[in-house]
Amino acid sequence: MPNPTAAMIVIGDELLSGRTRDSNMFHLAGELTKSGFDLKEVRVIGDDRNVIMSTVNALRATHDQVFTSGGIGPTHDDITADSVAAAFGVAIDVREDARAVMQAHCRRLGIELNAARLRMARVPEGAALIDNPVSSAPGFTLENVHVLAGVPAIFEAMVASVLPTLVGGAPMLSETVRVDRPEGEVAGPLGRISEAYPELSIGSYPFLIHGQFGVNLVVRGIDRQILDSAVNELRAAFPRGPE
């Protein structure tokens, strides 16, 4: 049985303008791989209500799990929570369990739970909270959509909170075979081996080191025996000379 699929929506005008570099996709991809989810699609979009709504609705209909990153902070342009609620056609308001979490955090820090901070306690109707051990402001899950913060440290903490609640498949295994030949000389035999192992993903990644062309062949799959068989065929087809 194939692993469940996942998609990610990275939200923020600052990403599209180049002011901010995203690291959350890299982190999520690695964690999903370890948990047995196949990340099939990532979309980077701006802070636009209609675009967020249409993207959420498109991806939640075609993937088992959807993760969003960004736009759930305290400022006026943090519109992700409202947009996701609108995508599902449900109301959104300050919820008492989220308020209690925020209130306790503010007491610990000796700060006021003002209107801006209280915006982060607004949760769509029917959603479950996602724990945030870093800054307390929760994310939330609505059906198969998980809405997470954009700040990398908080995003990573939320991923660690939500992934154990999901049922994944078999962890993805990976092996790399280095071939010290140009990619053009590798393509023919590589294609034949790839066709013989439809259960696997075999990627070709060329490199140039000290003027020498080569390629790393990365073999990925969930069955160790099949993966090892393909790796052995690749090594036999492209033997390395003496070091």
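## A walk through the predicted model

The backbone oxygen of Gly 150 lies 2.9 Å from a polar atom in the side chain of Asn 24, a polar contact in the sense of N or O atoms within 3.5 Å, where, within protein, one atom must be able to donate a hydrogen and the other to accept it, and residues adjacent in sequence count only if both atoms are side-chain atoms. Before going on, please note that this is a predicted model, in which local features need pLDDT of at least 70, side-chain atom pairs count only at pLDDT 80 or more, and totals for chains, interfaces and linings use all residues. Residues are numbered from 1 along each chain as its sequence is written, and side-chain values use heavy atoms, with hydrogens and water left out.

Let us stay with Asn 24 for a moment. Asn 24 belongs to helix H2 (residues 24–35); helices (H or I, at least four residues) and strands (E, at least two) are DSSP runs, numbered from the N terminus. With a relative accessible area of 2%, Asn 24 is buried, where buried means under 20% relative accessible area, exposed over 50%, and partly exposed in between (1.4 Å probe, protein chains only). Setting aside neighbours within four places in sequence, Asn 24 is in contact with Met 8, Ser 69, Ala 149, Gly 150, Pro 152 and Phe 155, contact being heavy atoms within 4.5 Å.

Asn 3 is buried, with a relative accessible area of 9%. Which backbone oxygens does the side chain of Asn 3 reach? One belongs to Gly 36, at 3.4 Å, and another to Ala 170, which lies 2.8 Å from a polar atom of that side chain. Beyond four places in sequence, the contacts of Asn 3 are Gly 36, Asp 38, Gly 169, Ala 170 and Ile 222.

Now for a helix. H8 (residues 183–196) has 14 residues and spans 20 Å from its first C-alpha to its last, close to the 20 Å expected at 1.5 Å a residue; that expectation is 1.5 Å times one less than the number of residues. Where does H8 bend? The bend is at Pro 189, by about 35 degrees, taken as the angle between axes fitted to the seven residues ending there and the seven starting there. The buried residues of H8 are Val 186, Leu 190 and Ile 193. Their cover includes strands S9 (173–179), S10 (201–209) and S11 (212–221), as well as helix H9 (224–237).

Most residues other than glycine have a negative phi. Ser 136, however, has a positive phi near 75 degrees. Ser 136 is placed in the loop between strand S6 (128–130) and strand S7 (139–142), and is buried at 7% relative accessible area. Glu 143 also has a positive phi, near 55 degrees, and lies in the loop between S7 and strand S8 (145–148). Glu 143 is exposed, with a relative accessible area of 61%.

Finally, the rings. The charged end of Arg 60 sits over the ring of Phe 88, 3.9 Å from its centre; the criterion is NZ of Lys or CZ of Arg within 6 Å of the ring centre and within 35 degrees of the ring normal.
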